[in-house]
Amino acid sequence: MFTQVKHRVGAIVGFIVGAVLAAVAGVVPAPASAAPQGYAPGPGCAWQLMSNSTDLNVAFPDANATYWILPYALGPGDSIRLSGTFPAARYFSLNTYGTDLDTVDTLRDNQIRSDAGSINPFAAPVRMPPPSKRTWRATVVPGAADHSRNEIRGLPAGGQNVPVGFLIVRIYVPDDPKSPNGGVTLPNVTFSIAGQSVPVAPCAQPFNPRNYNGPIAQALTRVFDDAIGNAASGSFPGDAAEATFVNPASTSGLFPNGDNKYIGSLLTYRPGRVAVIRGKAPSFPNSRAGQSPATPGEQLRYWSMCQNDKVTPYPVVACAADYATRIDADGYYTYVVAAPSDLTAQVAGSDLTVIPWGSTSVSKVVFLRNMLPSAGFYPNSVQASQATKSDPASTMGPYYPRATYCAAETVRTAGWQACYR
């Protein structure tokens, strides 16, 4: 019985890169030394997929975040038990998605109860405890989930035509930029299948299907491209003006994070022309400077301005995170989206934050991301604009990003101020 259960678990976690791929010549990369993503060799390991700005860059990711993905399938009474350590980072969450890449449930960092004798550094502004004192456990269940018991709902049996969903760990702005997982190993995974428990350790390295030509890799690439392409094609109204930030029609099917909301603007390139974006900068807990992510009184947990290619699979080109954005004496940011041939950071000046244009042959979408607004800031947040279906230009006040096209020569010779006259 246990052998049968273990084989079933192997089929689930190997749905994409496990035992099946091991039998496909040329698909699985040669073994490598342990990487920050985990420590156990594949196949048959957990968190097979990693997405960021360089690896499986799909669906408008934030360049200051990393996403680890575990395929899952649950029958009645089955579950997935997780045991991990709170990362040293700005933000961390567990998220479940269906085959349609839409949200099933989210369990956020400050909602997760720590183990007995441990401390959750996201729940209160405390000095970061050592890893051994910030451990947690959670369970993915196929039915209704009780967040107070660290449960998160997974895709139930029969919930979709393809009964495979995805469990994602998100980590934003790790304290150590060289450790995308926040200085801790990824959660250990134990599948509880038909009353039997099968532990599955994290993979030694992630699998990027775009790097391989085998049939499984190609099939997985098509799954992401088709789902993301269909969702993104309708995310912005067709009549949205360029250089004008608006609410997307929908983010369903794009692995949405319920703690984030976005407004975006379409951009197209012309030689000698740049996009200038200016708005008031919300306050945030600067964890890279030693602040606790739970510091009270800050307006947003995190915000960023990201520039993305508007073409499948909708990769991010570059982001300017809150902590890396220049703020002037009046508390405003001014971004310039520019090709290096038109304007460089050195030429732009000290009061501007330059975001590279990337490929000039494709259209762009630039996003302002708001994460977890405080109660006091909520009326000016993207979240409030979308909840009331109102124009963000009127509800966000000075925090609305006002964009305009401008000649690069004007920025160089007269400053960004001349672009708004």
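What is the relative accessibility of Tyr302, and does Tyr302 count as buried or exposed?

Reply: Tyr302 counts as buried, at 0% relative accessibility. Buried means under 20% relative accessible area, exposed means over 50%, and partly exposed covers the range in between, with a 1.4 Å probe and protein chains only.

The basis of these values is as follows. The model is predicted, and local features therefore need pLDDT of at least 70, side-chain atom pairs count only at pLDDT 80 or more, and totals for chains, interfaces and linings use all residues.

In the whole structure, a search finds 14 aromatic pairs. Rings of Phe, Tyr and Trp (its six-membered ring) pair if their centres lie within 6.5 Å; planes under 30 degrees apart are stacked, over 60 edge-to-face, and the rest tilted. Tyr302 forms an edge-to-face pair of its own with Tyr172, at 5.2 Å centre to centre and 65 degrees between the planes. Tyr172 lies in strand E8 (residues 165-174) and Tyr302 in strand E13 (residues 300-309), so this pair ties together parts that are 130 residues apart in sequence. Helices (H or I, at least four residues) and strands (E, at least two) are DSSP runs, numbered from the N terminus. Tyr172 also counts as buried, at 1% relative accessibility. Together with Tyr67 and Tyr91, Tyr172 and Tyr302 make up one aromatic cluster.

Another aromatic ring has a charged neighbour: Arg273 lies over the face of Tyr405, at 3.4 Å from the ring centre. A charge sits over a ring if NZ of Lys or CZ of Arg is within 6 Å of the ring centre and within 35 degrees of the ring normal.

In the largest nonpolar core, which has 29 residues, Trp47, Ile80, Leu82, Phe92, Leu94, Trp136 and Val189 touch the most other members. Strands E2 (65-72), E3 (79-85), E4 (89-97), E6 (135-141), E8 and E9 (188-193) are the elements that give two or more residues to this core. A nonpolar core is a set of buried Ala, Val, Leu, Ile, Met, Phe, Trp, Tyr and Cys residues joined through side-chain atoms within 4.5 Å. Leaving aside residues up to four places away in sequence, Val189 touches Ala46, Trp47, Leu70, Ile80, Arg81, Leu82, Val198, Pro199 and Val200, where contact means heavy atoms within 4.5 Å. Another core lies apart from the largest one and has 27 residues, among them Ile277, Ala320, Val337 and Ala339.

Charged side chains also pair. The whole structure holds eight salt bridges, each defined as a side-chain nitrogen of Lys or Arg within 4 Å of a carboxyl oxygen of Asp or Glu. In one of them, Asp322 pairs with Arg90, and the closest N and O atoms are 2.9 Å apart. Asp322 lies in the loop between strand E14 (316-321) and strand E15 (332-338), and Arg90 in strand E4, so the bridge ties together parts that are 232 residues apart in sequence. Asp322 is buried, with a relative accessible area of 2%, and Arg90 is buried at 0% relative accessibility.

A further salt bridge joins Asp115 and Arg137 (3.7 Å, N to O). Asp115 lies in the loop between strand E5 (103-108) and E6, and Arg137 in strand E6, so here the parts tied together are 22 residues apart in sequence. Asp115 is buried, with a relative accessible area of 17%, whereas Arg137 is exposed at 55%.

Finally, the chain as a whole: the protein chain has seven helices and 18 strands, and buried residues make up 55% of its 421 residues. Among contacts between residues at least 6 apart in sequence, 71% join residues at least 24 apart.

How values were computed. Residues are numbered from 1 along each chain as its sequence is written. Side-chain values use heavy atoms; hydrogens and water are left out.
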